Amino acid sequence: MNTDTTGLTSREAAKRLKHYGPNTLAEVKRRPAVLAFLSRFTNPLVIILMLAATLSAFLGDRLSFIIIIAIVLVSTVLDFFNTFRSEKAAEALKERVRVEAEVLRDHKWVALPLRALVPGDIVKLQAGKLIPADGVVAEGKDLYANESSLTGESFPQPKPPAAPLYLGASITSGSGTMRVTHTGHATKFSHLAHALSAQDQPTEFDREIKDFSLLIIKITTFLVIVIFTFNLFFRHDLLSSLLFSVALAVGLTPELLPLIITLNLTKGSLAMAKHGVIVKQLSSIQNLGSMDVLCTDKTGTLTEDHIALIRHVDGFGAESSKVLLYGYLASVYTTGFENPLDKAVRTFKTVNIKGYRKLDEIPYDFERKRESVVVAHGDSRLLISKGAPEEIMRISHRYADGRPFEAVKAEVQAEYDSLSAEGFRVLAVAIHHVPPTHGTYEPGIEHDLTFVGFMAFLDPAKQSVRSTLERILEYGIQVKIVTGDNALVTRKIANDINLEVTGILTGPEIERMSQTKLREAVERTTIFARVNPEQKLRIIETLRHNHHVVGYLGDGINDAPALKAADVGISVNNAVDVARATADLILLRKSLDSLIEGVIEGRRTYANTLKYLMMSLGSNFGNMFSMAGGSLFLPFLPMQATQILLTNLLYDSSQFALPLDGVDADSLKRPRRLNIATLKKAMWVFGPLSSIFDFATFGVLILVFHLNAASFQTGWFLESVATQTFVVYIIRTRLIPFFQSRPSPYLVLSTLATVALGYYLALSPLGSYFHFGPLPLSAFLAILGIVVAYLFSAEIVKRQFFRRVDL
């Protein structure tokens, strides 16, 4: 690599970046705006329309050619502009929470984006950091890496100097530096790492939308084939039959659905950013709105996150300077992940440790639940272990006064329980004298310890969280605490914040449970205490198996598997790299207040998306079905192809304001999920209702006013535009429109402008370009009456529908 431990210069790094390329597995190259715009014309429906326009021009129908091309261009420009703007906004938000690496450049440690790394770089490693490229350990102390996702090895692997490190793994304990040897696609497990980074499964919402789209495609394909065949052989020529069928397909297809969803999600992500929530995965907003269970650690979320050492006592509760000395040594000489408990010990009091010299350390891991340091003091060698009291007591052989530990264990346990019940986080401290001739220091020497006492820390309950919890429960979300702390201290915190505890499970209890029993237990459990990463993962997977939409809030190394498994992984901006990289949402401050605002935005996004789906299945679908049916028995086409395309363009244009619409408060109070079966019911209720009034319009225009083809098509165009557009006022709310629930000014303006423009195009001299004819005033008034009658009927049917069906 032509480098040493001093790293690279910026000039040399720039040369290597140009030679090796960026350190990315799938470099997303934004297409030029022109190419992105032209890609819209690869849509199959757009291609068919362009071919139909070309055929019209070839056969001499230049007017149809111009109108079709104009409509395609307008709709494509609208789609491109809104999508491009949404993508830019989403990328800007992601940039705020990108993961960086500490790299030695120009003899200084600097934070750089991972894509800027090149072979030869020296990168700092510590617990919780992602390994950003392939390389070897340059310097290290007790380095362990989790490579389970790459190699299948479930236990962290030791990484001594010169040991290989692979992109996609993470550091679980220890500290050191690495020399980068390969980046990007040149890395050994690049294919696996890329798959891991992109393996997010489709959400339930994604699957339901896909099913909805397939349903529409099936219905559209069937109707279009039947109508085209019938008109071709029995009614009309090839061109008019083709144009009518293609226009019908365009009208039936909810081509705006992806854009409406994107606009909704982007608006939601921008609104959430104002509340301190950065969305990395846009689709997670829908899941956040559907979330009905939130699993969270207590530190910083339910507590103040200001941990202070309050007491240092022996096993019987008496203040002990030895406990403070040994705890201080263990905290000062720990070089792994920065633990807030160690920081609290160091800032509590400066202890004179002159004469003590560090020899080695054994880093913390989640199986042992403890860490140790080995110090020299004169000629003696002393192992100092601190960690979870249960684990320290389990491997203690004697008490500090020389008595067997079993003789005092009950009293020591009682003191531990008493401290925990008072809300203290407790660490136990024990020592072991090791021979000066002892070689390497591994976890195996942590046995036959002498128990010294406890250090008790206080991280008080966050009083402001009480009102937040009330809001969370009000919005139909259960809160479950998943923590590595013990049950007593967690219950104390829960009591302090008025969180009702219906059950407690500990890690060892979960370990002994069958999956069937655990499925029952998770439903009635509020606190999961003393759980390790595997047990956290099992809890999340079990809750999801029970058909809950689960959010998980965590910021530690041990939270990464659960964050990945949850429907919504939530972390904080100062979390370890592996947690931030795994999460879907990043909180700029660790607060449930920010999260509840995100939940509201998620539900608002769902509600506005549902409005479009309901409209597509209701009036829009009904009108297109009526058009297909009318072509079978009317002596002429109910609408010309250009008129259908114009109707569809006007209708689509009015829907761009939907993401800006308000949502009724009651619709935000509980989680909702998209259900394709329920949407089918809506289709078979609102679709036929629309068709009934369409056929009534046919009868009035033909049997009462005896209109010719052009005038008939004008009349039905006016009815279609008004019913398709104004029905949004009915469908957007379960309440009485305008009186109990007011649409946003943007939606009102959009719909009124759309209908006004449609009426102007049909009734003005411009109407002749679209083959519209004159319409008697009496027929116009009759159409207005039909529109009003339809809207009143839709309101009545809507109320009956929502009494029986929940959406």
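Begin by selecting strand 21 (residues 568-572) and strand 22 (residues 585-587), which run parallel and are joined by three bridges. Two strands are said to pair if DSSP finds at least two bridges between them. Within this pair, look for Ile570, which stands opposite Leu585 in strand 22. In general, the strands of a sheet pair through backbone hydrogen bonds, either parallel or antiparallel.

Before going further, note that this is a predicted model, in which local features need pLDDT of at least 70 and side-chain atom pairs count only at pLDDT 80 or more, while totals for chains, interfaces and linings use all residues. Residues are numbered from 1 along each chain as its sequence is written, and side-chain values use heavy atoms, with hydrogens and water left out.

**The sheet and its helices**

Now widen the selection to the open sheet of eight strands, whose order is 8-22-21-20-9-17-19-18 and whose pairing is mixed. At its edges you will find strand 8 (277-279) and strand 18 (504-506), each of which pairs on one side only. On average, neighbouring strands of this sheet are turned by 20° against each other, with direction ignored.

Next, select helix 16 (residues 487-496), which lies across strand 17 (478-482), strand 18 and strand 19 (527-529), and which runs at about 150° to strand 19. Such angles run from 0 to 180 degrees between N-to-C directions, and the axes are lines fitted to C-alpha atoms, for helices over the stretch in contact. Contact means heavy atoms within 4.5 Å.

The word buried means under 20% relative accessible area, exposed means over 50%, and partly exposed lies in between, with a 1.4 Å probe and protein chains only. A polar atom of the Asn486 side chain lies 2.9 Å from the backbone nitrogen of Leu488. If you leave aside neighbours within four places in sequence, Asn486 is in contact with Glu390, Tyr416, Ser420, Ala529 and Arg530.

The expected span of a helix is 1.5 Å times one less than its number of residues. Helix 11 is mostly covered, with nine of its twelve residues buried, among them Val323, Tyr326 and Ser331. At the start of helix 11, a side-chain oxygen of Ser320 reaches to within 3.4 Å of the backbone nitrogen of Lys322.

Then select helix 24 (residues 676-704), which has 29 residues and reaches 41 Å from its first C-alpha to its last, close to the 42 Å expected. After helix 24 comes His706, whose phi is positive, near 50°.

**Positive phi in two loops**

Most residues other than glycine have a negative phi. Select Asp106 in the loop between strand 1 (100-105) and strand 2 (108-113), where its phi is near 55°, a positive value. Asp106 counts as partly exposed, at 34% relative accessibility. Move on to Phe738, in the loop between helix 25 (709-731) and helix 26 (745-763); its phi is near 70°, again a positive value, and Phe738 is partly exposed, with a relative accessible area of 40%.

**Pairs that are apart in sequence**

Select Leu646 in helix 23 (residues 641-654), a residue that counts as buried at 4% relative accessibility. How many residues separate Leu646 and Leu761 along the chain? They are 115 residues apart, while their C-alpha atoms are separated by 9.7 Å.

Finally, show the whole protein, which has 27 helices and 22 strands, and in which 56% of the 807 residues count as buried.

Technical notes: Helices (H or I, at least four residues) and strands (E, at least two) are DSSP runs, numbered from the N terminus. A polar contact is a pair of N or O atoms within 3.5 Å; within protein, one must be able to donate a hydrogen and the other to accept it, and residues adjacent in sequence count only if both atoms are side-chain atoms.
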